[in-house]
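What surrounds the ligand in this model, and which residues elsewhere deserve a look?

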Amino acid sequence: MMKIAVVVFPGSNCDIDLFEALHTVCGADAEYVSYKKDNLKGFDAVMLPGGFSYGDYLRCGAIARFSNIMPAIIEFAAQGKPVFGTCNGFQILTEAGLLPGALKQNDSLKFVCKTVNLIVENNQTIFTTQYKEKEKIALPIAHADGSYYADEETLAELEENQQVVFRYAEENPNGSLNNIAGITNKNGNVLGMMPHPERAVEAMLGNQDGLRLFKSLLENGKVATEEAVR
Ligand SMILES: NC(=O)CC[C@H](N)C(=O)O
């Protein structure tokens with residue numbers, strides 16, 4: 001079974017949701033890993049939770065990116081192993097240079113907390129095979145800095161390589177360019193997204209649209225990891 005690291009930074013507040021989605025709901029082998037650690041030995045995938053790491057001082061994710069654990073995450077990603085970041089996790093991945101572009105303050109200059117519709121633009125990533133192509137799903141968002149920005153050249157490249165995985169459907173809640181809600185790196189093994197799939201995994205709570213993201217990874221991730229180390 002895949003072993004998944006849930007990295008905890010000072011100020012993370014979605015780490016428990018992420019852990020429970022993996023462990024309790026999916027029955028996966030998940031483990032909390034402190035930002036103080038300097039290695040990811042024995043893990044097959046790494047997940048960065050949402051929250052307010054270092055109180056969002058300077059810029060969201062800008063301080064967390066200098067944590068002890070980051071060189072190990074960068075190396076892990078370079079080996080082609082699965083790395084996932086939601087919300088603040090996405091911000092940390094862009095700050096660390098593992099994903100292109102940046103997350104700016106929402107156009108409204110307000111914190112936005114609601115459920116939005118998304119289109120699954122790429123269901124061929126290791127994180128999305130259980131969705132249908134162009135499927136419309138609903139996921140919660142909760143952020144102040146979710147406006148995706150990249151220069152024109154980078155945007156064109158993202159579109160051409162099918163790196164845009166999730167796009168806001170009818171309504172763009174934050175001003176993201178090209179309605180981008182989630183992207184992968186060129187290799188497809190690093191996914192960052194502003195919406196929170198871990199908050200939509202239980203029928204009792206009214207939405208299970210996030211569940212298939214974790215199930216996709218659990219189904220495909222082990223293969224991806226084995227291919228990466230070969
Ligand atoms: N839920 C989150 O991870 C929020 C991320 C970040 N603190 C923001 O407000 O943009």
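A polar contact is a pair of N or O atoms within 3.5 Å; within protein, one atom must be able to donate a hydrogen and the other to accept it, and residues adjacent in sequence count only if both atoms are side-chain atoms. The model is predicted, so local features need pLDDT of at least 70 and side-chain atom pairs count only at pLDDT 80 or more, while totals for chains, interfaces and linings use all residues. Residues are numbered from 1 along each chain as its sequence is written, and side-chain values use heavy atoms, with hydrogens and water left out.

Start with the ligand. One of its oxygen atoms is 3.0 Å from an N or O atom in the side chain of Gln-91. A nitrogen atom of the ligand lies 2.8 Å from a polar backbone atom of Ala-142, and a ligand nitrogen is 3.3 Å from an N or O atom in the side chain of His-196. The protein covers 99% of the 300 Å² of accessible area that the ligand has on its own (Shrake-Rupley method, 1.4 Å probe; for residues, only the protein chains shown count as cover). Two elements, α3 and β7 (136-143), each give two or more residues to the shell around the ligand; helices (H or I, at least four residues) and strands (E, at least two) are DSSP runs, numbered from the N terminus.

There are 14 residues around the ligand, and Gly-51, Asp-56, Cys-87, Ala-142 and Asp-145 come nearest (a residue is near a molecule or strand if one of its heavy atoms lies within 4 Å of it). By class, the shell has six nonpolar, six polar and two charged residues. Here Ala, Val, Leu, Ile, Met, Phe, Trp, Tyr, Cys and Pro count as nonpolar, Asp, Glu, Lys and Arg as charged, and the others, Gly among them, as polar.

Cys-87 sits in the loop between β4 (83-86) and α3 (88-95). Its phi is near 55°, a positive value in a residue other than glycine. Cys-87 is buried at 4% relative accessibility, where buried means under 20% relative accessible area, exposed over 50%, and partly exposed in between (1.4 Å probe, protein chains only). Asn-178, in the loop between β9 (164-168) and β10, also has a phi near 55°, and is partly exposed at 34%.

Asn-185 belongs to the loop between β10 (180-184) and β11 (190-193). Its relative accessible area is 12%, so Asn-185 counts as buried. The side chain of Asn-185 reaches the backbone nitrogen of Gly-188 at 2.8 Å.
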